Structure formats: C-alpha cells, structure tokens
Amino acid sequence: MFKDKWTIILLLLTCITCCTSVANAFQGKPIIVITPTQERPRLAVPDFVAGTSDPQSSPLNTVFNQTLWNDLDNAGIFDMVPKSFYPVQTPSQPSQVNVPVWGNPPPNAGLLAFGNLGVNSGKLDVQGWLFDVKNAGAPPILGKQYREDAKENNARLIAHRFADEIIGRLGAGVPGIAESKIFFISTRTGNKEVWSMDYDGANQQQLTHLGSIALSPRVSPDRSRVAFSGLAKDSWQIMMYSLELGRPLSFQRYSGDNISPAWSSDGTKLAFASSMHEGSSNIFLADASGAGSRRLTTGHTDVSPVFNPKTNGQIAFVSGRTGLPQIYIMDADGSNVQRMTEQGYSVSPSWSPNGLLLAFAWDRNYGPGIVGGWDIYIMEIASRQIVQLTHDSGRNDFPSWSPDGRHIVFQSNRGGTEQIWSVLADGTHLQQLTRQGRNTQPNWSFQ
Amino acid sequence: MNHRKQWVLAVLLAALLVLAAGCKKKQPPPPPTPPPPVTATLTANPASIQSGQSSTLTWSTQNATDVTLDGNKVDVNGSQAVSPGQTTTYHLKATGGGGTQEATATITVTSPPPPPTPTPTPQPTVSDDEIFARSASDIYFDYDKADLRPESVQTLARIADVMKAHPNWIIQIQGNADERGSIEYNLALGERRASAAQQGLVQDGVSAGQLKTISFGKEKPICTEANETCWQKNRRDHFQLMH
C-alpha cells in the first residue's frame, strides 16, 4: 500500500530537470514540492567578509552568515558545498572571484554566493552576488545591495531577503520563504496564547494576551491579521488580532462554540466550525468580517476546514460523522462532499499552495489503549496516493505548508514535550524551531 | 435386585395379614367426653402509640387448633410487632373442638408532635452550589463516543429534578475529552457530549433556557496521566451552576 517514498514522490511530482548548466536548469513551472538530492545544483556560500572596523560588524556578520547559510540550505533546492572544500581566499567583491577555482574540484560548485557586510554610522550595508561558476564567460547571475539600521534583526532580515532573491531566481519561479512567518500557540506565559516567529524559529514574539485559552491561529493571506479561536466567558469565539496595529480587533460573535478558522487565499472569506445551529459543530462560511455566515455542512462533529488555496473553490475538513474522524473535501458551497480517508484517525488537513496535495495527521491504527504511531502524511488528491512524511517519533499533528510548497511545519512531542518542527516535504532537513514551554498548532503564512 | 425386593415384600405382607387376623379383639367404645372449652386473649403493648412507632400484639389460646389474627393464620400462642398508621382494632379468632373464641385489642394512634422546623427552609450554611453538586455528578463517555450510558441517564434524571425545583437556575454543561485526539476534533467531540446531556435534560422536562453548553475539548483535563483510568476521568460532562 505504501510504496517507497521516493517512488511515489517521483510519481506524484514533476521534477526539476537535472542539469549542470544553471542558465537552463530552472525554466518552466513544475508543480514540484521536492527536488531529489542528486539533482540539486551545488552551491558554495563562503562567509561574507566584514568590510569595516566598526565593532558591530563582527557580531552582525556572524548572524548574517549563519542565517544566509541556513536559508539556502533549508530551501531544499541546493546541494550545499561544505566550507572545508573552499579555497583559502574568500572573495568579498566580484573582482576577487577566481571562477575556475570554485567551478572545479574540490569545491566543484555550480553556484557561488558571496559578498561583504559593513557597519557605517549606525547603518548596516550589505553587498551580495550570485555567480554561475560553470559559465566562465558570463558568471554573474545577480548582485544586490541592502541598507538597514545596524541591528541583529536586520542582519537576519537582509540575509533572508538575499536568500529569497537567490531562491526566487533559481527556484523555478517559486519565491523563497525566508521572510515568511509561522504563527503558533505557546504555553510559555502559563496560558495558551498566539505567538509568531520567523520561519527558522528566530524572533519568537507573543501576540495575544487573552489570559484564558487561544487556539488555532490562522494568519490572513496579506499577513495583516491573525484569526484564532479564543475562550470567552461562556463560549469559544473567533477572534482577530491585528498585526499592523498590534492589538485585538472586534469580530462578529455567534452563539455556541466557534472554532478553527480558515482564510480563503484571497482574504475575502473565513470558514470555521460552529455549534450555533445545533449541539454539534458544522462548517460555516462568512465574510472576512465574520458577517453573513451560512452553514455548509449538515453532518456532525465537523471541524478544521481549510480552503484549496489555488482555487478557493473547495474546502477540506474533518468529520466524525461516521465514527472516528476522517478527512473530507467539498465544494466551497457545501456541495459534492467526498470522503478522502478510509481508516484510523485522520485530522488536521493542510492544503498545499499548488492545490494538488493534502498534508494531514493520521493514526492508522487508532484505538483505545493504543498510543503513538501518529504521523504526518501527504496525499495527492487526484490519485489519493499517500506518502508518509514522519516516522515513528511521537505524536505529530497540525501540518502546515510553507508558501513555496517545499516545507511543512508541524507539532510533535518526539522530544518529550510538544514543540514546533519543520521539515522538507521529502522528509529531510528536520529542524526543531521551539524549545520553551509547550508549542502547538503552527500555521505558516501565505507569503 | 427388584425381583428379590418384591418377593421379600410379599412375604412380609402375608405375615402381617395372618397376625392381624389372629389379634382382632372387639372392645366397647369409651363414654363420650365433652370437648374442652376454647379460650383466647389478645393484648397490645403499648395500647397507644404515635404515628410511626410500633406496638407489640401478644396472644395466647387454649385448646384451639386454628388461630387467625385479622384473618391470617398464626401460631396458637405468639406475638407480633405492628406499626399501624392510624387507630386499629385487631381481631384474634381461635377455633377448636370446643367451639370458637374471639378476642380484640385496639391500638390507638396519635399524631406525632410537629417537628421543630415545620417547613423546610434553605439553611444558610448550604449554598446553591452545594445543593446542586449533590445531584450533579459528572457523567462519563466511551472513547470517541457521545452516547449516554445507562447510569448517566439516571444522573441526568436527578439533575433534572433539582433543576425543575429551581426554575431560576441556569447551568453550563461542559463537555470534555481525553488527551489522545487532536485539539480541534476534541473540541467538536466535547461539543457533542455536552449536547447529549442537554438533550437528555430537556427530555426529562428541564427548560432549554436553563441549559447552556460549552466544550473544553482536551484543554481542561482533571487528570494528566497517560493511562485509561485517567483518560476515562477526562471523557466527561461536568455540570456547573452559573451565577
């Protein structure tokens, strides 16, 4: 039933053409989420050179270099050339690059990213270039300059931007994700509150101060607001937090419990689960303001809706209408309900940006007294073929796709407590992003 | 074996017949004597009680073969504790060869003195919460189910009685789930569990306006160990009197 992972991924996904010539390697628009390891171009990223003697240069340069390396490594589309293979001379300017030295063994790189960083009167200046070192005739692919206040967060920000330039240029037209954010629930203040962090786990910040329980944060496509469900005095309500104003916004209240909001990718609609009409929750659809709600499902124990972000014409959701929860898909008007999973305990669907895949959490053999074996799976919707993403490590739940469709963030208790982890959609590059308190329900921003 | 038994029996029977024939002797019947007179007494001690107390009936007869107390056959001599709700006369009837004799005893029943507090008024030391909590124990559910168990139906009947006696009370029914499922699905499951109790209480005659529901999913466990005993404690509806 479950074939070798690579076989299925290759079946599912059109791969980027294997090619050593960078100029031709990333044309077309494949529906890829994964690039097999052996086909990745080799990228060398020597540390940027600290260009000034300002005492801030060195620490900011360290943060910048770590961040840039991680971003390019995490992208999952490059084979990073280990630094031990690099020549002694580190270039800080294009004139210092000895192209054949980088293009031949030992580095044997296809691509070279390099540059310099300096602090000048409180400003951080960064210059960065990307060279195709196999193309000795015309190696430069791009060159960029950045200037921000000389702060650690800005060193990270510039590194993210430069990484996204490189990935956007080489990643088959799919923009990089280094500037994306992850929203999640953390208990580290004693209550479950909504927090945000950079996609790599840096810059973790508390957003809400509800003091009761906040759950299921879902950021709006334009990243201006976060919808979540909050425990009010005598019910759960959909609540809204403005990232622009840094405070809660008022939002339509409904009777009953209202939970698990989900944005359409155009930001005009919110789907959510509510018990406003009956004692059991159903999926409802409302405007982004919460007004004009209408009921989409008539089953029971319906929860966790998510739009197909490619079309907004379909909604996946979870229902316990036949017993244990299973994943269903319906049209966005509630018609044409199809059951997608057949057995076990299937929850927490997340629809891939290209509209073709569903990530979900599945305990295949769920039952009383059985613990564990709860993993993240990816289903190709058209064929219903399934690939297992995580293996035999605690309980894994709430997958959420990165904007480029190459990564998945999820919660796992594999380390003892629930924490947020990210992984490439081929199962590699597993990283723990949170460590303080218990952290759950990650939601990756749309951009 | 059987043949042998029958043969022995036949011989014995023949011998008895010979003996009986040889012994037969005619005697004159004795002169008839009048049967002894039947006597009967019945006493109640004490003869006067308060409602709810008991008295002892004691009777004795002579020369009686058939004795009834209020129509029920009893021993010829005996006693019995009774606790009549009102003044009652008991009949003893004794029958023998010498005729029939009857006896009666009356127990006078008086009303008890009024209790110190004749009308039940709420005692200031007992709060509404405590009164409610006496009836409203948690009800429990099977794994991934929201069906009411038989004992839960009984609990709901008790809660319904106390709610109907306090029509101004409003309660919140809080549905809960164990830790194993997913956060969002468990909220929906807890919703169904709260709703199941709500429907049961409405069927028992409680006004729907007195009943509110909420689900806490697995967010408010009362037990945090990872075993079935603990999970069962968390798969529950809790009933909270609202103020």
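**Exercise 1. Work out how far apart in sequence the contacting residues of chain B are.**

Start with the rule: two residues touch when their C-beta atoms, placed from the backbone, lie within 7 Å. Next, keep contacts in chain B between residues at least 6 apart in sequence; 67% of these join residues at least 24 apart. Now try chain A: among its contacts with a separation of 6 or more, residues 24 or more positions apart account for 46%.

A word on the source: this is a predicted model, where local features need pLDDT of at least 70 and side-chain atom pairs count only at pLDDT 80 or more, while totals for chains, interfaces and linings use all residues. Residues are numbered from 1 along each chain as its sequence is written, and chains are lettered from A and ligands numbered from 1 in the order in which they are written.

**Exercise 2. Find what share of each chain is buried.**

A residue is buried if 20 or more other C-beta atoms lie within 10 Å of its own, exposed if 12 or fewer, and partly exposed in between, with C-beta atoms placed from the backbone. For chain B, 29% of the 243 residues pass as buried. For chain A, it's 52% of 447.

**Exercise 3. Describe how H3(B) packs on H4(B).**

First, locate them: H3 of chain B covers residues 150–165 and H4 of chain B covers 183–203. Their axes are 9 Å apart, at an angle of about 60°. Axes are lines fitted to C-alpha atoms, for helices over the stretch in contact, and angles run from 0 to 180 degrees between N-to-C directions.

Finally, list who touches: H3(B) brings B:Val153, B:Leu156, B:Ile159, B:Ala160 and B:Met163, and H4(B) brings B:Ala197, B:Gly200 and B:Leu201. That contact has seven nonpolar residues, one polar and no charged. Here Ala, Val, Leu, Ile, Met, Phe, Trp, Tyr, Cys and Pro count as nonpolar, Asp, Glu, Lys and Arg as charged, and the others, Gly among them, as polar.

Definitions and conventions
Helices (H or I, at least four residues) and strands (E, at least two) are DSSP runs, numbered from the N terminus.
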